[in-house]
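Student: Please take a close look at a single part of this model. I would like one connected account.

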Amino acid sequence: MTARGEGEDRPSSVRPLLFLERQSYRRRRLVDAARLLPFLGAGLLALPLLWPDETDGAEALPLSSAMFYIFACWGLLILISLVFGFAARRMAAREKAEPETEPWQR
Amino acid sequence: MSRKVLLIEDEPNITEAIRFLLTREGWQVETHAEGTDAVQVVLSARPDLVILDVMLPGKSGMDVLRELREHDEMQGLPVLMLTARGQSRDREMAEQAGVSRFMTKPFSNTEVLTAVRDLHAQASRP
Amino acid sequence: MATLNVLILVCLGYVVLLFGVAFAADRLAAHGGGKWLRSPLIYTLSLSIYCTAWTFYGAVGNAARSGLEFVTIYLGPTLVMVSWWWGLRKLVRIGRSQRVTSIADLISSRYGKSNTLAVCVTILAVLGGTPYIALQLQSITLSFSIFAEADPTGLYREGSSVFWVAAGLAVFAILFGTRNLDANERHHGVVTAIALESVVKLFALLAVGIFVVWGIAGGIGPMMERIDASEIGQWHVDAGRWTTFIFLSAAAFVCLPRMFQVMVVENDDESHLRTAAWAFPLYLLLMSLFVVPIAVVGLDLMPEGSNPDLFVLTIPLSQGNDWLAMLSFIGGFSSATSMVIVTAMALSTMVSNHVVMPIWLNTQEGTASVSGDVRTIVLMARRVSIAVIMAFGYFYYLLSGGGAALASIGLVAFAGISQILPALVGGLFWRGATRTGALVGLSVGFFLWIYTLLLPGMQGGIIPPSVIENGPFGWGWLRPQALFGIEGIDPMVHTVMWSLSLNTIAFCVASMLSFPSPLERLQGAQFVNVFDHSAAPRGWTGSVAQSEDLMIMTQRILGTIPAQEFFQAEARRQNGRPGRLPEPTPQFVERLERELSGSVGAATAHAMIGQIVGGASVSVEDLLAVADESAQMLEYSSQLEAKSAELSRTARQLREANAKLTQVSRQKDAFLSQVSHELRTPMTSIRAFSEIMRDTDGLSADEQTRYAAIIHDEALRLTRLLDDLLDLSVLESGQVSLNMGDATLTEVLDRAVSSALAGEGRALSVRRVRPSERIPLHTDLDRLGQVFINLISNAQKYCDAAEPALTISAHDVGGQVVIDFIDNGDGIPPEAQAMVFEKFARVGSDKAGGAGLGLAICREIMHRLGGEVAYLPGQGGAAFRVSLPLAYRQAAQ
């Protein structure tokens, strides 16, 4: 009980470090997500190939449903990309705050 | 006959105290506050006794004594040495340099007077 | 009914508007204004030149024929855009850092500035681009003809209209694409005009779509029913074509010269990709949203046999909605013009840089070339190239007869240009990719594309039908549309599959078997690891190349850091801007040569610089090879030198450390005897006079007072000494607590000067530079004052000038407040300077009452305050410098 109380009493020295580490961890996972996004897109867009076709003899899918699916996938990709774009901007802003290159190189 | 003592000491207050004591004893007191030309001053003043401080500006009292003893006519001159450092090594060095009496500051006035009297008596004895 | 004349007037008006926009944007950019010109929005809109007239008209036609298949052409780029983080971002970064001018330049630059490769890519691009331009001309002509049919005056002649369209577009591209030679090849005017056109075509297509859905079909619900009931109303897609086209359009999106131009070359800011990553897919989505409804309604409404490619125009016309048809026409016109202009610009850059210029330079060999000449030649070459490319498009259109054969030409062009993909992606992500690999891969892909797609598709029988039926020489397994005997694949899929897979295999195998040149390896590393390097522009292109060549060569000879320092210093000397490369002025080149001759010898340095600066028969590659070798030799000898230098440095440091240790230990030894001396001296006087007063009778009152005063003074001296000792030990143990306060330096100095000079003592005149002292301080003011008092009274005591004077001046040096105390005496002898801050260290005859602790205390105080006090040699008199970090001052603000 007391130990926990003490830990909470001095956040200034401990918390920022933890915070930064979590940030960089999130950043890396975010980049992972960005890498996976095209594969998700490719998967979603390959799915219609499994749909019943008129040549299969089965009842073919109406074009309106197909349109709806494809445009929904498309919209989803755009939305994720938008979210990642904003996350990337925050990332870039934070990186800019920590100078990393030599003046010449800039 | 007037007895002459040469006091080589750079602390003005100590100089004044000794001058006071010895004057009352009937000594003619001359003073000097530098180490550099102390030997020349002794040679020209020809005192009956020298009181010499160790830590002098320009040249240490030890060196002054050593140089003084190189002169033949100064071999027998009584030299009372005063030091504030008070290390045994200083006493040895002083004795090697040919000191007549070695005293550590702070001294009692009677000690100084006794030492001066003894030294003078030894020197004037034929 | 709108007449053809009105249409032509609208067209001309629209073109004039584009001219105006482009001109204004160029002017604005030239004057450094117009931030919005470089906004992510403009960037995104300029990317939409991907949507050509083939899209604007052809997508509906495609949907009317094959249902949803058209959407693949937009899904590919969408996938590329959403993977921008590891794909396009790298491409754009490399393009910017290498100052790449075109896709051919990028490929050639990656593979060791190989012009052969650049020429290959250029040929491929021109070959793929020409029919594509013809397609645009056709679409404009077709749309004209739609209006002409409805025009009773019937003054329209198809041939001449194509000619005037082609000529007009060429003039526009020449005017704005080649007005000046920018090192970065950016054209704000053209890009802005294209962005405007993108808005127009999107607006037009959306307007037609909304008209069709709500104006004709009667809302979304009925529209959906109508779609399902139509002849394309059921899901039917060829799996091979679906996946191939998504992949193909993705590949073409990256490889198309015009896309590379707007995406990489015209890119102003890498971060624009962030916005384009979602905004451009959104644009594509909006462009294709109404394609199926328009196709379905067109199939319903229009008479049997009417061209579905023109539904976008004919539906509004048939409904009597002339203004909408006009808008739609302008939309199609926009799509076609923007594509043609950018393609012509991109291709002309490639043709002039990689074909015309090398030939011209070869013919000029031996004559001294003036750089000014080259610029006009380059501009001329580009202008002529644009005209020639447009002429190609025009003649291709005339020769092909403008028939249905053109309809599939978009995909054919895609398949052709995609042959660059293996070399491009390999170059970006694989350091082992070599020039040979790229050449072999490209050639294989290029040949297969021509053999399996371009030639069989051409009318007029360039390949005899027997070859297509039975293969060359009767070898069935080499049939152009059924390689290795695998039949029944869609011709498009067949070509893409075989050409790209064999291209990739050839590229990889040849890369692994060949060995890259030094320059290639250097470039390969810079490309693949572009994110590890700086974003500083580098490269060997254009007229700015000289400095970079010199820089790279110098780096290899002198080492990176000395070379950068040298160039930085030169840049500062030239224009005060150390961030840029200096211009290769004769003076600079001379200095550089001197610098290099120190490393490689005067003759070699002269030869090497002569090769770069004086235009040369020896390639940069050769130079770098020489530089590599000499750098290796130099490295070996300089390593030896460095080692021996380090040894002697270490030895000297050891000696110094030893001397200091000995001195300090001697002083520590002496410390006790020093303390003893300092205590005994005043005690001697005290004892002597107190005994005198005790033992002597008849002392006069004067004498008594005087001796008592001496005793008193000496007692005070003892106290002071003990205080100092205590102070020092507290400071040294670090237990001192600082009493922080705010004041200006002036106040602290005022107080210190008055209290230091308050007592008796020699006269000391203090000169101060008051304006420089107005520095706010946040520190322990008393402690700082103590330091100042000590320094001032030291000057008062020890300055041996006839008229002692002390100058106090304050400065702001490198983030520190620096206060100098300089007197006009003889100063402290050099051998004593190192020890003045040690305890009991006294210089010369110090009997003025100090115990030799003052400066030691000062040093400790300044240490506690985060600053320091040091002796400043060579100032004439004794000079002490007190420095305080500025951070203390900022903390107070």
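**The contact, then the sheet**

Tutor: The contact takes 37 residues from chain C and 37 residues from chain A. Keep in mind that this is a predicted model. By residue type, the side of chain C that touches chain A splits into 22 nonpolar, 13 polar and two charged.

Now to a sheet in chain C. Its five strands form an open sheet in the order E2-E4-E5-E7-E6 (chain C), and the pairing is mixed. Strand E2 (765-768) and strand E6 (868-871) of chain C are the edges, and each pairs on one side only. From one strand to the next, the twist averages 20 degrees.

E6(C) pairs with strand E7 (residues 879-885) of chain C in the antiparallel sense, over four bridges. There, C:Tyr871 stands opposite C:Phe880 in E7(C). Helix H34 (residues 854-864) of chain C packs on the sheet. H34 touches E6 and E7 of chain C, and the direction of H34 makes about 140 degrees with that of E6(C).

From the N terminus on, the elements of chain B run β-α-β-α-β-α-β-α-β-α. Of the 126 residues in chain B, 41% are buried.

Technical notes
Residues are numbered from 1 along each chain as its sequence is written. Chains are lettered from A and ligands numbered from 1 in the order in which they are written. This is a predicted model: local features need pLDDT of at least 70, side-chain atom pairs count only at pLDDT 80 or more; totals for chains, interfaces and linings use all residues. Helices (H or I, at least four residues) and strands (E, at least two) are DSSP runs, numbered from the N terminus. A residue is buried if 20 or more other C-beta atoms lie within 10 Å of its own, exposed if 12 or fewer, and partly exposed in between; C-beta atoms are placed from the backbone. Two residues are in contact if their C-beta atoms, placed from the backbone, lie within 7 Å. Ala, Val, Leu, Ile, Met, Phe, Trp, Tyr, Cys and Pro count as nonpolar, Asp, Glu, Lys and Arg as charged, and the others, Gly among them, as polar. Two strands pair if DSSP finds at least two bridges between them. Axes are lines fitted to C-alpha atoms, for helices over the stretch in contact, and angles run from 0 to 180 degrees between N-to-C directions.
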